[in-house]
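Student: I have a structure open and would like to go through parts of it with you. Could we begin with the strands and then turn to a helix?
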Amino acid sequence: MYPIFRLIKDTVLASRMERLPITGLHVSSHICWPWDLDMWMELNNGRTMTLYDLGRTMLAQRVGLIRCLRANRWGLTVAGSSVRYRRRIRGFEKFEMRSRTAGWDDKFIYVEQSMWKKNGDCASHVMLRTAVTDKNGIVPPAKVLAALGQNAETSPELPAWIKGWCQADAGRPWPPMQDGLA
């Protein structure tokens, strides 16, 4: 079940925080509740992605994107992701989530997020290719940033690892699994 109460709480909290620039860092605190656990009594990987979704929503709230989405009747979607899991988060463990926009190109906005344990260890990290959409498809990031009143002239330089991921993903076949093994 989607954590609707967390979403409401986090959206209200984010609306009361200082506004961020598009590349600002949003930091939020969380607890791994019993309903977040898998059968090994650790944060479920699916729930991890849902919590990252909440972090992106809070970031979008703080940069003013939620207001722009509503005003322009735009949507927000994830067009790709790459995640690494390195440390377990156990039941009732507190952790910090960090969310920021790494940059953009002519179609997509790249967001990276991480979860950090109280001892300073990074538990997981995700990079997402996101897009703002309207009835005609993808809204160019320059148009989105202009609607936010932020300088859209140039993106921060995307890190080499994000560029490499984009290049590798461009070579991935679509539709998938067309090699006769199915």
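Student: How many bridges join strand S1 to strand S3?
Tutor: In this predicted model, 6 bridges join S1 (residues 26-31) to S3 (residues 94-104), and the two run antiparallel. Strands are DSSP runs of E with at least two residues, helices are runs of H or I with at least four, and both are numbered from the N terminus. Two strands pair if DSSP finds at least two bridges between them.

Student: Which residue in S3 does His30 stand opposite?
Tutor: His30 faces Phe95. Phe95 also stands opposite Lys117 in S4.

Student: How is S3 joined to S4?
Tutor: A hairpin links them through 4 residues. S3 and S4 (residues 109-117) run antiparallel, with 9 bridges between them.

Student: Now the helix: which residues of H3 are buried?
Tutor: In H3 (residues 65-72), Leu65, Ile66, Cys68 and Leu69 are buried. Buried means under 20% relative accessible area, exposed over 50%, and partly exposed in between, with a 1.4 Å probe and protein chains only.

Student: Why do they line one face?
Tutor: Seen down the axis of H3, the buried residues fall within an arc of 165°, so they line one face of the helix. The arc is taken from the directions from the helix axis to the C-beta atoms.

Student: What does the face turned away carry?
Tutor: That face of H3 carries the exposed residues Arg70 and Ala71.

Student: And what comes just after H3?
Tutor: Arg73, which takes a positive phi of about 55°.

Student: Which cut-offs apply to the model?
Tutor: Local features need pLDDT of at least 70, and side-chain atom pairs count only at pLDDT 80 or more, whereas totals for chains, interfaces and linings use all residues. Residues are numbered from 1 along each chain as its sequence is written, and side-chain values use heavy atoms, leaving out hydrogens and water.
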